[in-house]
Amino acid sequence: MTRKQAREEAFILIFEKSLNDNALEEILSLAEEVRDIKADEYVKKVFFGVFDYLDDIDTIISKNSVGWSIKRITKTALALLRLAIYEICYYDEIPVSVSINEAVELAKKYATKEDASFINGILSTVAKSAE
């Protein structure tokens, strides 16, 4: 699995968690069984990491999404923001520009053009403050 494919799988898992209250381990196990994926170290680290730091990540999103509450952000956009912000703040091996670009590309695939622009704007602001 390429890093791009792994990132997409991690995004899908994060999105799935927003739809149900199952334990993280159960969501991962079911995904591996039903979708026949083999979650690599990256997928596991990001999926579990996002929820380890969820309060901090959501605070960052709230601070940088002026005029938007987290409840108004689509579940797809929110999952992508959480993934990218986790990478930017807690996964040093990935360049910030790659995290932003990949989140925007996934938004174009799974969300709307407006979501892609919204995500790009928030992540660009987060990246500047993270430097």
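The following legends describe close-up views of a predicted model.

In this predicted model, local features need pLDDT of at least 70 and side-chain atom pairs count only at pLDDT 80 or more, whereas totals for chains, interfaces and linings use all residues. Residues are numbered from 1 along each chain as its sequence is written, and side-chain values use heavy atoms, with hydrogens and water left out.

View 1. Helix H1 covers residues 3-19; helices (H or I, at least four residues) are DSSP runs numbered from the N terminus. Its 17 residues should span 24 Å at 1.5 Å a residue, and the end C-alpha atoms of H1 are 25 Å apart, which agrees; the expected span is 1.5 Å times one less than the number of residues. Among the buried residues of H1 are Phe11, Ile12, Leu13 and Ile14, where buried means under 20% relative accessible area, exposed over 50% and partly exposed in between (1.4 Å probe, protein chains only). The buried residues of H1 pack against helix H2 (24-34), helix H3 (41-52), H5 and helix H6 (96-110); contact means heavy atoms within 4.5 Å.

**View 2. The packing of H1 with H5.** H1 and helix H5 (residues 75-90) pack at an angle of about 125°, with their axes 9 Å apart. Axes are lines fitted to C-alpha atoms, for helices over the stretch in contact, and angles run from 0 to 180 degrees between N-to-C directions. H1 and H5 are therefore oblique to each other; angles under 35 degrees count as roughly parallel, over 145 as roughly antiparallel, 65 to 115 as roughly perpendicular and the rest as oblique. Residues of H1 including Phe11, Ile14 and Phe15 meet residues of H5 including Ala79, Leu80 and Leu83.

**View 3. The packing of H6 with H7.** The axes of H6 and helix H7 (residues 113-130) come within 8 Å and cross at roughly 165°. That angle makes H6 roughly antiparallel to H7. Val96, Ile100, Ala103, Val104, Ala107 and Lys108 in H6 meet residues of H7, among them Ile119 and Leu123.

**View 4. Ser99 in helix H6.** Ser99 lies in H6 and counts as buried, at 1% relative accessibility. Apart from neighbours within four places in sequence, Ser99 is in contact with Ala84, Glu87, Ile88 and Ile94.

**View 5. Trp68 in a loop.** Trp68 is in the loop between helix H4 (54-64) and H5. With 36% relative accessibility, Trp68 counts as partly exposed. Not counting residues up to four places away in sequence, Trp68 touches Ile73 and Phe118.

Conventions. Helix = DSSP H or I, 4+ residues; strand = E, 2+ residues; numbered from the N terminus.
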